[in-house]
Amino acid sequence: MEEARRTRDESVKKMAKIVQQFREQMPTVQTDAILSLPLVELTERLQKGLLSPRTVLYAYLEKALEVTQQTNCLRHFIPECEEQLQEIERRKEKGLLYGIPVSIKDHISHKGHLSTCGLAQCLGTPAQDDSVLVKVLKKQGAIPFAMTNVPQSLFNYDCSNPIFGKTLNPFNHQKSPGGSSGGEGALIAGGGSILGIGSDIGGSIRLPSSFCGLCGLKPTAQRLSVSGVGGPVSGILAVPGALGPMARDVDSLALCMKALLCQEMFQLDPTVPPIPFNEEVYCSSAPLRVGYYDTDGYFPLPPCMRRAVQETRVALQAAGHELVPFSPPRIHYVMNELFLKTFFADGGCAWLDVFTGDIVDPSLKPQVNCCKIPRLGKKLLALLLKPLFPRLADYLSALAGMRSVKEMWNHHHQIEVYRTEFITRWKELQLDAVLCPVLGPAFTTGYPGKLLTAISSTMLYNVLNFPAGVVPVNTVTEADEEELKLYQGGCDDPWDHTLKQAVAGAVGLPVAVQCVALPWQEELCLRLMKEVETLSHEKTAA
């Protein structure tokens, strides 16, 4: 662990030296002007030669150094970014992301670097090769320059581990940036990266995007290659993980998807469906039929998050779209029986094993302690707690896992049955997309580990394997904070009281909504996100 920290510190010093040399060579460069450019405009200027990739890279390296000093968001700089810079300067062909510095989450393999997942047991062997996504980014002219911090084991939406420490929210250092792509969230929101790649298996792209005021897209799993992406527990397929982009606006996500969905990726990973980005769907102006809900009936969110959905619904209606009430079925069942049982099918044994010989991060202790209770103990506690605290009782019962292969097969089948039921309801209402809430605003650090099941708004679309994205629409107001004092949640139980404490003191922090489409319809999901973003900007300007 000390060696890993030393290597990280050396990479920071090396980058600081490189940035200082650049500053001495080019003292008049206006880095603020470069950092303020949206991705689409920056790519245009790079393509036309109005800006050099070298200047852009060093501008972002300098800013990333500043942001990580404040938030501890970087796990490691990638010194090879200078080799990639020289490589793209030599090339005749300019890819769609020519000269764009890109940050990547800790466990997305980059040759010669560790994928740690915040665990001591992963500190041994550096990656022998780039992951497919990193190869495609490089082919498109992007420059991966930093790997970002994650929570220990990735299975948490705080962002802290015993090796590299805790990452803070750039807008409020008492608050978490979310997780598990929390380092990405903090770096991009702080201005130290213009485009990042995260991963999502329960909300790990969407929660940091919500907490940090970013746009983030979780595509359908396998729309983007996950080849060369590590994880602490492999082989869990019933609820698949996905890689996706995080950025400051929706057009950036669309450009990234367009760049990645290319022949290079389809050839490198034949398991990815060869479906190029459909520009026509993304750029369409046809009215949409959008389902909406502001609560899933399992974990009612703070008033500001529900307000965001209702205000966005009104704005979409005024813009000519058709909004239809939609109610997602049986979320309580999905959380406990489908989502939690997927990851804790063995009672949590495989997950607990990853901490062997390691220090458990304080942010994870509530989850770890629940898992450590023997199976019979979980079942007995669930029985005793059922009349007083039914949600915790069902959570403990789910953590007890499954007892046979037959039960697991049936569990997989039940996920398929639920997906069919959900799609049938969607089709009956003839929906194009859905507008719904996302967990937020940013939690105070340390609280996510106490409230794993509060991610019901995001985990649903991992179970369904639907594309889902998050867009910030406004900020927490004084009136929201006052209304929070009256919040009682759904059960008026300890979890509701803990949620209230977790989100208190958030005035001025970002408030977001979630947009969802059917599988393989990422362009439609982005289309609704773009519409929401445009309307929220118009409202702010007015």
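Where is the place of Ser180? Ser180 sits in the loop between β5 (165-166) and α7 (182-189).

## Basis of the report

The model is predicted: local features require pLDDT of at least 70, side-chain atom pairs count only at pLDDT 80 or more, and totals for chains, interfaces and linings use all residues. Residue numbers start from 1 along each chain as its sequence is written, and side-chain values use heavy atoms, with hydrogens and water left out.

Helices (H or I, at least four residues) and strands (E, at least two) are DSSP runs, numbered from the N terminus.

## Cis peptide bonds

Most peptide bonds are trans. In this model, Gly179 and Ser180 are joined by a cis peptide bond with omega of about 10°.

A cis bond also leads from Gly440 to Pro441, where omega is near -10°. Pro441 belongs to the loop between β11 (433-437) and α19 (456-463).

## Helix α4 and its end

Helix α4 comprises 19 residues, 53-71. From first C-alpha to last, α4 reaches 26 Å, close to the 27 Å expected at 1.5 Å a residue; the expected span is 1.5 Å times one less than the number of residues.

Asn72 follows α4 and has a positive phi, near 55°.

## Positive phi in two loops

Most residues other than glycine have a negative phi. Asp492, in the loop between α20 (478-484) and α21 (494-503), has a positive phi near 50°. With 44% relative accessibility, Asp492 counts as partly exposed; on this scale, buried means under 20% relative accessible area, exposed over 50%, and partly exposed in between (1.4 Å probe, protein chains only).

Trp520 is not a glycine, yet its phi is positive, about 70°. Trp520 lies in the loop between β13 and α22 (522-541) and is partly exposed, with a relative accessible area of 33%.

## Val513 in strand β13

Strand β13 (residues 510-516) contains Val513. Val513 has a relative accessible area of 0% and is therefore buried.

Leaving aside residues up to four places away in sequence, Val513 touches several residues, including Ala308, Val309, Thr312, Leu435 and Cys436; contact means heavy atoms within 4.5 Å. Also among its contacts are Val438, Gly469, Val470, Val471, Val473 and Val532. By C-alpha position, Val513 and Leu51 are separated by 35 Å, and they are 462 residues apart along the chain.
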